[in-house]
Amino acid sequence: MFSQTTEYALRAMASLASAPNDLVPTTILAAKTNVPANYLAKVLQQLASSGLIRGRRGVGGGYTLAKDASDITLLQVVRTVGEFPAREGLDRSVRDPDASLTNLHKTLGNVRGMVMDSLEGVTLQSLVDEKVVALRS
């Protein structure tokens, strides 16, 4: 459902949330999350540019969360790597003689909205605390 970049960003953020006071080097984070280090470095740059994490270069350097894990939602992470647009883009309607296309776009917009609402309701801290509740259909 999500792009590989999004998956990697979520893995990295969940891992950093489990070590909130540590500077975790990219190589260690890559090993813990099973993400190629070069790819992860690019993802971490995106996350740092957005202010979700901060990094320090050099010996003893690494990455850490820039905010408390309870203040970072999965939706923030997903949006940082460009998976979902702003909510305004969800309700596109197609002006087409074929009503099924219009209905399809409305349905997809509704589904995307539900996914976004679900991601917005989960913080990194809830992942660490194992408080994530299974979604019901």
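Trainee: In this predicted model, which residues is Ile53 in contact with, leaving aside its neighbours within four places in sequence?

Mentor: Met13, Leu16, Leu44, Leu47, Ala48, Tyr63, Thr64, Leu65 and Ala66. Contact here means heavy atoms within 4.5 Å.

Trainee: What makes a set of residues a nonpolar core?

Mentor: Its members are buried nonpolar residues, joined through side-chain atoms within 4.5 Å. The largest such core has 32 residues. Ile53 is among those with the most contacts inside it, along with Met13, Leu44, Leu47, Leu65, Val77 and Leu124.

Trainee: Which helices and strands each supply at least two residues of this core?

Mentor: Helix H1 (4–17), helix H2 (26–33), helix H3 (37–49), E2, H4 and helix H5 (99–120). H1 gives the largest share, 7 residues. In soluble globular proteins, nonpolar side chains tend to be buried together.

Trainee: Why is Thr33 called buried?

Mentor: Its relative accessible area is 7%. The cut-off is under 20%. Therefore Thr33 counts as buried. Thr33 sits in helix H2. Beyond four places in sequence, Thr33 contacts Arg11, Ala12, Ser15 and Leu40.

Trainee: How do you know that the side chain of Thr33 has a polar atom within 3.5 Å of the backbone oxygen of Leu29?

Mentor: The distance is 2.7 Å. The limit for a polar contact is 3.5 Å, so the pair falls within that limit.

Trainee: Why is Thr73 called buried?

Mentor: Its relative accessibility is 15%. That is under 20%, so Thr73 is buried. Thr73 lies in the loop between strand E2 (62–65) and helix H4 (74–80). Not counting residues up to four places away in sequence, Thr73 touches Leu119, Glu120, Val122 and Thr123.

Note on methods. Residues are numbered from 1 along each chain as its sequence is written. This is a predicted model: local features need pLDDT of at least 70, side-chain atom pairs count only at pLDDT 80 or more; totals for chains, interfaces and linings use all residues. Side-chain values use heavy atoms; hydrogens and water are left out. Helices (H or I, at least four residues) and strands (E, at least two) are DSSP runs, numbered from the N terminus. Buried means under 20% relative accessible area, exposed over 50%, partly exposed in between (1.4 Å probe, protein chains only). A polar contact is a pair of N or O atoms within 3.5 Å; within protein, one must be able to donate a hydrogen and the other to accept it, and residues adjacent in sequence count only if both atoms are side-chain atoms.
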